[in-house]
Every structure is written in structure tokens, then in C-alpha cells.
Amino acid sequence: MTDPDRTAPEEMMWEGRFITAKRRGKWEYVGRARGIHAAVILAIDEAADGRHVLLVDQYRVPLGRRCIELPAGLVGDHDEGEDASLAAARELEEETGYHPARLESLGQYYSSPGMVSESFTLFRAHDLVKTGEGGGVEGEDIHVHRVPLATLPDQIAAWRAEGYAMDVKLLLLLGAGMIA
């Protein structure tokens, strides 16, 4: 069985600086412009005071509220052909104030494949070194959270009760195997 929309021509409906709206057959979807994709970082701080995950929150206009997320950023938005691992290290340090000694690629993923063609490369950050306060670059209002892994489910419940949105990628932390 073959989906008839698979071979339909792709039509550009609208293009902005960072996203595009497209149609192929009966499907309408959004993608990143200019081949931009994302890097998402799973950063577990293995410190003397225990294992903590680094999370961030920032206001997300499409949601109309702040969202708790893994640190992440765009790859190639300023430098076409940028290596995803370099972008991941840069974004982790800008957003959280931690620099990874090593990044391990855990593969490419798609967050909402029924309506968005954007992919992200998931990286696991190792041997973190605190270099600053984080918070993003000028104009970003990013709050850094260093959460003990043992209390993460309770912390997520508390944030939900306060009205925060939760990024689907937090399921990585709640599922088996990703934080071992």
C-alpha cells in the first residue's frame, strides 16, 4: 500500500526567516527554512552533591506561557554548515552556564512528525564544568534549573501546578534508560 501523497509535488505556501509552511497532497506542515535543524542536550551534572539534570524555562509565544525544556538551540541559523555538536556545546553554555568536556550523539529525532518536518539531534553532555550563570544571549529570558534526578517527577508535577508548559522531550528523563 502506498500513500498517494508520497509522490505529490511539494508546494511552498509561506516562507519566513526560520520556518516554512508547505503542502504535499492533502498534508499541510511546517519545516525549518534553509536546512536549519536543532540540537537538544541531555545534561546530567554528576557532582559531589548528587546527580542533577540541567533544564531551562523560557516564554514560548505559541504556547502563551513559559515552558520547561531540555537546553536546545538551532544548528546553522548563523553559520550554514555548522556542525551540530559545536552548536550543542555553544547552546548548552549560553543557556545553562555549563560547558561539556564531551558530547555524545544519541541520534536524530522528530518531535511531531504529523505536522512538523523539523528534526533534532539529541546529545548527551558529559563531564560538565560550570563557566557562568547561563540565561541565554541578549534578548533571551532563560531561567536555569539544576534539578536532582531523584526529585524530578515531583518537580515536574509542581511546575505543572504552577502553569508551566512541559516540552515532550522531558519524557526522555521520565522514561527508562535515558538517565542511567
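Me: Why is Ile19 called partly exposed?
Reply: In this predicted model, Ile19 has 37% relative accessibility. Buried means under 20%, and exposed means over 50%. The value for Ile19 lies in between, so Ile19 counts as partly exposed.

Me: Where does Ile19 sit, and what does Ile19 touch?
Reply: Ile19 belongs to strand β2, residues 19-24. Setting aside neighbours within four places in sequence, Ile19 is in contact with Trp14, Val30, Gly31, Arg32 and Ala33.

Me: How far apart are Ile19 and His126?
Reply: Along the sequence, 107 residues separate Ile19 and His126. In space, their C-alpha atoms are 31 Å apart.

Me: What makes Val30 partly exposed?
Reply: The relative accessible area of Val30 is 33%. Val30 lies in strand β3. Not counting residues up to four places away in sequence, Val30 touches Ile19, Thr20, Met115, Val116, Ser117 and Glu118. Val30 and Trp14 are 16 residues apart in sequence, with 9.4 Å between their C-alpha atoms.

Me: Which residues does Ala21 contact?
Reply: Beyond neighbours within four places in sequence, Ala21 is in contact with Glu11, Met12, Met13, Trp14 and Tyr29. Ala21 lies in strand β2. Between the C-alpha atoms of Ala21 and Glu11 there are 8.7 Å. Those two residues are 10 apart along the chain.

Me: Why is Asp127 called exposed?
Reply: Asp127 has a relative accessible area of 54%. Exposed means over 50%, so Asp127 is exposed. Asp127 is placed in strand β9.

Me: What is the phi of Asp127?
Reply: The phi of Asp127 is near 55°. That is a positive value in a residue other than glycine. Most residues other than glycine have a negative phi.

Me: How do you know that Lys169 lies over the face of Phe120?
Reply: Lys169 is at 5.2 Å from the ring centre of Phe120. The cut-off is within 6 Å, and the charge must also be within 35 degrees of the ring normal. Lys169 is listed as lying over the face.

Me: How many aromatic pairs are there?
Reply: The count comes to 2 aromatic pairs. To pair, ring centres must lie within 6.5 Å.

Me: Which residues touch the most other members of the largest nonpolar core?
Reply: They are Val53, Leu55, Trp159, Leu170 and Leu173. This core has 19 residues. At least two core residues come from each of β4 (37-47), β5 (50-60), β9 (119-130) and α2 (152-162). β4 gives the largest share, 4 residues. A second, separate core has 13 residues, including Ala39, Ile41, Val75 and Ala87.

Me: What is Val53 in contact with?
Reply: Apart from neighbours within four places in sequence, the contacts of Val53 are Leu42, Ala43, Ile44, His145, Arg146, Val147, Leu149, Leu152 and Leu173.

Me: What is the volume of the largest pocket?
Reply: The volume is about 1400 Å³. The largest pocket is lined by 38 residues. Closest to its centre are Arg32, Arg60, Glu69, Leu74 and Glu118.

Me: Which element supplies the largest share of the lining of the largest pocket?
Reply: That is α1, with 4 residues. At least two lining residues come from each of β3 (27-32), β4, β5, β6 (65-69), β7 (72-75), α1 (84-96) and β9.

Technical notes
Residues are numbered from 1 along each chain as its sequence is written. This is a predicted model: local features need pLDDT of at least 70, side-chain atom pairs count only at pLDDT 80 or more; totals for chains, interfaces and linings use all residues. Side-chain values use heavy atoms; hydrogens and water are left out. Rings of Phe, Tyr and Trp (its six-membered ring) pair if their centres lie within 6.5 Å; planes under 30 degrees apart count as stacked, over 60 as edge-to-face and the rest as tilted. A nonpolar core is a set of buried Ala, Val, Leu, Ile, Met, Phe, Trp, Tyr and Cys residues joined through side-chain atoms within 4.5 Å. Buried means under 20% relative accessible area, exposed over 50%, partly exposed in between (1.4 Å probe, protein chains only). Contact means heavy atoms within 4.5 Å. On a 1 Å grid over the protein atoms alone, a cavity is a set of points where a 1.4 Å probe fits but cannot get out, and a pocket is an open set with protein on both sides within 12 Å along at least five of seven lines; lining residues have an atom within 4 Å of a point. Grid points are joined across faces, edges and corners, and a volume is the space filled by probe spheres set on the points.
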